[in-house]
Amino acid sequence: MSFVSLEGVTKRFGDLEVLRHVDLDVNEHNVVCLIGASGSGKSTLLRCVNLLERVDEGTIVVDGQTITNGKVDVNALRRKIGIVFQAYNLFPHMTVLQNVSLGPRKVRGLERERARRTAMDLLRRIGLEDKADEYPDRLSGGQQQRVAIARALAMDPKLLLLDEITSALDPQLVSEVLNLVRSLTEVGMTMIIATHEMSFAREVSDKVCFLDAGVICEQGPPDQIFSSPNEPRTREFLKRIIEAGRM
Amino acid sequence: MHRVLHAFADPFAFRQALPDIWSGFLINVHMMVIAEALVLVLALLIAIVRGLPGRGAKPFRGLAILYTDFFRGTPLTIVAYACILGLPGLGYSFLKNASSEALGVIALTIVYTAYVTEVYRAGIESVHGSQRMAARSLGLSYMQALRYVVLPQAIRRVIPPLLNDFIGLQKDTAIIGAIGVTEAAAQGTNFANSYFNYTGYFVGAVFFVYLTIPLARFTDHIIRERESRERAAMV
C-alpha cells in the first residue's frame, strides 16, 4: 500500500498543461527523486501533493485519504506534509529558533517551552544550535536551507517534499545540505525530491522519475534509469547532463 | 517687514497669546491621539478585509474598496462639517450629546482611515507570496499566516509612510477648529479678533512644528536604519 498515490493528475495554468495524466506511487519510508529539465513539472507536482496547487483532473491519495475531492482539511493535511523550497523562504523577521518553533507552537499547539526544546533538539541535530538567536540574513545559504529543513521537520511530518533545495546554493554549500537529507533517508523519512543532483538522486532514491513536458516519461529503480534508460528522451536528457559535467 | 513682524510675530503679543493657544493646542493633541489610535486599528481591519481571498468575501472586499475610494477623494472639511453639524441631528442620543471635539475626531478617523488602509495594503502586498506559501505549508491557517508572518513584515515596512500620514493628521486637527472646536487655530482667531494682531496663529504654528519635527526626524531615522540594514544584508 503506497503512502502517496497520484492517478491521472493533470494541472493547467491557463492553456498550458504543466502536468499531464501523471501516475505515481510512493511507498512509506521510500525516497522518490524527480528529475528532468526546468519547467518539466517537477515543482508543480510537489505543490499538488500538499495542495499549494489544485489539480484540474485526477486524484491524489495521501496516507489513505483522498485529498483532491475538495473536502479535505487543507491545514490538517499540510501539518503532516513538510515542504522545503529552493529559495528557503525563511521568515526574515524571526530568529532561527522562532522560525523552527512557529509551526509547533501555533499549529501543533505545543506550549512555548516545549516548542523551544523541540526546536533546539532539531537545531542541534543540524549543527546550528549556536545560531538559534540569529536572524536568517546572518546565515549562509547552506545554513538557511538547513534551518528550512529543520522548520519542516519540527512539524514531525510523515512526508517530506524537497523542491530543488540545492539549486540556489553556491557549489561548496551543496554538500552540507545533501548530507542532512542523506541522514533523513537513513531514519526512513518518506520523501519526494525534485533535484538536479543526479549522483545524489542515484545514491539515495528507491525510485527515479524522469519528467518531460509535464509527463512522467520513465520511472524505475535508479540503477536502471541512470545506466540503461528505456526511453530515448531519458537517454537524451542524461547525455546532456553528462556532457555538462553534472554527473 | 516691520509691519509684517508686528502683525504676525510680535514678542509682546506672543507672550500674551501663549496661554490660550496652549490650552487650545492641548485639544489638538487630544483629538490627534484618539484619532490616531482609532485609525491604526480600523485601517488594519479594512486592509485585511480588502485582501480576503475567495468568492464569498467579494461583497466585503467591494465595501472596503468603496469606502477607501470615497473617503480618500472627499475633502476633510466636507466630512468634518457633515459630522459636526449633521451627526447630532440623526436622533441617536449619544451623537446628540457628543461634543464637537468628539465629532471632529470621528471625521478625522473616517478620512484618515481611508488613507492608512491604502498604506497597510501596500505593505501587505509588498510581502512576497512565497512567505505566505511557506507559512501555509506549515499548516498555518490563512489568518495565522497573516498574523504571524505577513503583517509583522508588512507593518515594519510601512512605518515611515504611516508616520507621514500622522503628521498630516496632526495638522488637520486644526480644520476641526474652523467648525466650532476651540483648539489652537480657533484660539488664534479669537486672539486676532480681540487684539487685531495675528501672532496667535504664529504661536499655534510653533506648537505644531514642535510636535511634527521630532516625528519627522524619527521617521528619517527609521528609514536610514532600515537602508543600512538592508545594505548589510546584501553583502
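**Figure legends: chains A and B**

**View 1. The fold of chain A.** Chain A holds nine helices and 10 strands; helices (H or I, at least four residues) and strands (E, at least two) are DSSP runs, numbered from the N terminus. Please keep in mind that this is a predicted model, in which local features need pLDDT of at least 70, side-chain atom pairs count only at pLDDT 80 or more, and totals for chains, interfaces and linings use all residues. Residues are numbered from 1 along each chain as its sequence is written, while chains are lettered from A and ligands numbered from 1 in the order in which they are written. The C-alpha trace of chain A spans about 55 × 45 × 35 Å along its principal axes. Its radius of gyration is 18 Å, which agrees with the value near 18 Å for a compact globule of 247 residues; this radius is taken over C-alpha atoms, and the globule rule is 2.2 Å times the number of residues to the power 0.38.

**View 2. Inside chain A.** Of the 247 residues here, 46% count as buried (20 or more other C-beta atoms within 10 Å of the residue's own; exposed means 12 or fewer, partly exposed in between, with C-beta atoms placed from the backbone). Among contacts between residues at least 6 apart in sequence, 65% join residues at least 24 apart; a contact means that two C-beta atoms, placed from the backbone, lie within 7 Å.

View 3. Of the contacts in chain B with a separation of 6 or more, 75% come from residues 24 or more positions apart.

**View 4. Where chain B meets chain A.** Here 17 residues of chain B are in contact with 18 residues of chain A. On the chain B side, helix H7 (129-137) and helix H8 (142-177) each supply at least two residues. That side has eight nonpolar, seven polar and two charged residues (Ala, Val, Leu, Ile, Met, Phe, Trp, Tyr, Cys and Pro count as nonpolar, Asp, Glu, Lys and Arg as charged, and the others, Gly among them, as polar).

**View 5. A closer look at Leu163(B).** This residue is found in helix H8 of chain B. Leu163(B) counts as partly exposed because it has 18 C-beta neighbours inside 10 Å. Beyond its neighbours within four places in sequence, Leu163(B) is in contact with Leu215(B), Phe218(B) and Thr219(B). Val41(B) is 122 residues away from Leu163(B) in sequence and 15 Å away in space, C-alpha to C-alpha.
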